[in-house]
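Hi there,

Here is the structure I promised to send over.

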Amino acid sequence: MSALEIYAGPLARERIKQQGFRPELFSLLLGASGGPKWFVLYGLDRYLFGDFFASRQEPLMTMGSSAGAWRLSCLGTAEPLRAIDELARRYSGETYSEQPSIEEITGKMRNMLADVLGPSGAAEIAGNTEFRTHIIADRCKGIANSRHASLQKLALGSSAMANILSRRTLSWFFQRTIFTNMGDMTPFLALNDLDTAIAPLVESNVIDAMIASGSIPFILEGVRDIEGASKGLYWDGGITDYHFDMPFTELDGLVLYPHFSPKIVPGWFDKMLRWRRPPHKHFDNVVLLTPSAEWTASLPGAKIPDRTDFERYGEDERLDKWQQVLDASHQLAREFSDLISSGDGLSSVKDFSERPV
């Protein structure tokens, strides 16, 4: 049973066919939202951070929202393997009171990220010219920016309803904000699919940007008035960019996208909209690495982890199952490493359009 499946757009397939999987082909590493779903990618992250991209000569951009931003921020530290190991250990092993408050969950997440980065990690990320970090968070507009939860909930519900008509209506309620250490050199400055702002990623706002990117409304507190960015309340970047729908073909180089699913859901509210999927042309230069359905079925509970596991399992059972998934995730890394070193399996790379949707 193969654990890993690889899908690539036509431009990416042609370049890989001609040149193989070479780290210098890629200009962007992408990380989606999804909470504990990322545990299936832990082994791949370790291989990419510690081996595949370790000796790269040219700068590499990373872009992530929510847990994807947390993972890829580890690559910007001086010790990315230590950071990703600590993130996996702390995230998978976190425990809460029986009915945790928003304040409890937020406090634990802040402490976790502080430990993941260590005393110098924020400065290392902000000053890294080799790995250029992009963290997405969404600034609330109008009544969504209110300090009253009832108005925030009204705005969130209204944005979900408006999104059914058009994804562009998200700009009525939110401004996609991309925190980056590239400044005006970022190629994402020209994004116009949604209202988008670029904000500087500096040592003093790295953790705030990371927390904001993963602040699921009414589960985490969100972050208000992040340094260097427009004033307002910042929520989870997955609202606008859950699995991404951007014109990646406008970038120089290919995009490597380790993802926990072959399905691409543009924004958080699109999960139930089966017709809302990104156009294939946006992914013509993307290589998608994803667990196979057969391998996923072999995991505890025959599924990848998600936040419903907190209700599905008792604490000890959840911790055990999540650790089993982290251990199993190294199989994906071994298969990808074998393909890189031998070249065998390049013929099995499928066209992006063949993905189950």
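**What I found**

Phe244 lies in the loop between β8 (233-236) and β9 (254-258); helices (H or I, at least four residues) and strands (E, at least two) are DSSP runs, numbered from the N terminus. Phe244 has a phi near 85°, a positive value in a residue other than glycine. Its relative accessible area is 0%, so Phe244 is buried (under 20% relative accessible area; exposed is over 50% and partly exposed in between, with a 1.4 Å probe and protein chains only).

Before going on, a word on the source. This is a predicted model, where local features need pLDDT of at least 70 and side-chain atom pairs count only at pLDDT 80 or more, while totals for chains, interfaces and linings use all residues. Residues are numbered from 1 along each chain as its sequence is written, and side-chain values use heavy atoms, with hydrogens and water left out.

Ser66 also has a positive phi, near 55°, and is not a glycine. Ser66 sits in the loop between β3 (60-65) and α3, and is buried at 7% relative accessible area.

Helix α3 (residues 67-75) is mostly covered, with nine of its nine residues buried. Among them are Trp70, Arg71 and Cys74. For Cys74 the relative accessible area is 0%, and Cys140 is buried too, at 1%. The disulfide count is zero, a disulfide being a pair of cysteine sulfur atoms within 2.5 Å.

Helix α2 (residues 42-52) is largely enclosed by the rest of the structure, because eight of its eleven residues are buried. These include Tyr42, Leu48 and Phe52.

Now for the nonpolar cores, meaning sets of buried Ala, Val, Leu, Ile, Met, Phe, Trp, Tyr and Cys residues joined through side-chain atoms within 4.5 Å. The largest has 96 residues, and Leu87, Phe179, Phe248 and Val287 have the most contacts inside it. Apart from it lies another core of 17 residues, among them Ala144, Phe174, Leu194 and Ile239.

Which residues does Leu87 touch, not counting those up to four places away in sequence? They are Trp38, Trp70, Arg71, Cys74, Ser92, Met112, Leu113 and Val116, where contact means heavy atoms within 4.5 Å. Leu87 itself belongs to helix α4 (residues 80-93) and is buried, with a relative accessible area of 1%. Leu113 is 26 residues away along the chain, and the two C-alpha atoms are separated by 7.5 Å.

Leaving aside neighbours within four places in sequence, Val287 is in contact with residues including Ile6, Tyr7, Phe21 and Tyr257.

Gly222 is in the loop between α9 (206-213) and β7 (223-224), and is buried at 15% relative accessible area. Beyond residues up to four places away in sequence, Gly222 touches Ser215, Leu233, Tyr234 and Trp235.

Last, a helix pair. The axes of α12 (residues 315-328) and α13 (residues 330-342) come within 5 Å and cross at roughly 10°; axes are lines fitted to C-alpha atoms, for helices over the stretch in contact, and angles run from 0 to 180 degrees between N-to-C directions. The two helices are therefore roughly parallel to each other (angles under 35 degrees). Leu326, Asp327 and Ala328 in α12 meet His330, Gln331 and Leu332 in α13.

Best wishes

Definitions and conventions: Angles under 35 degrees count as roughly parallel, over 145 as roughly antiparallel, 65 to 115 as roughly perpendicular and the rest as oblique.
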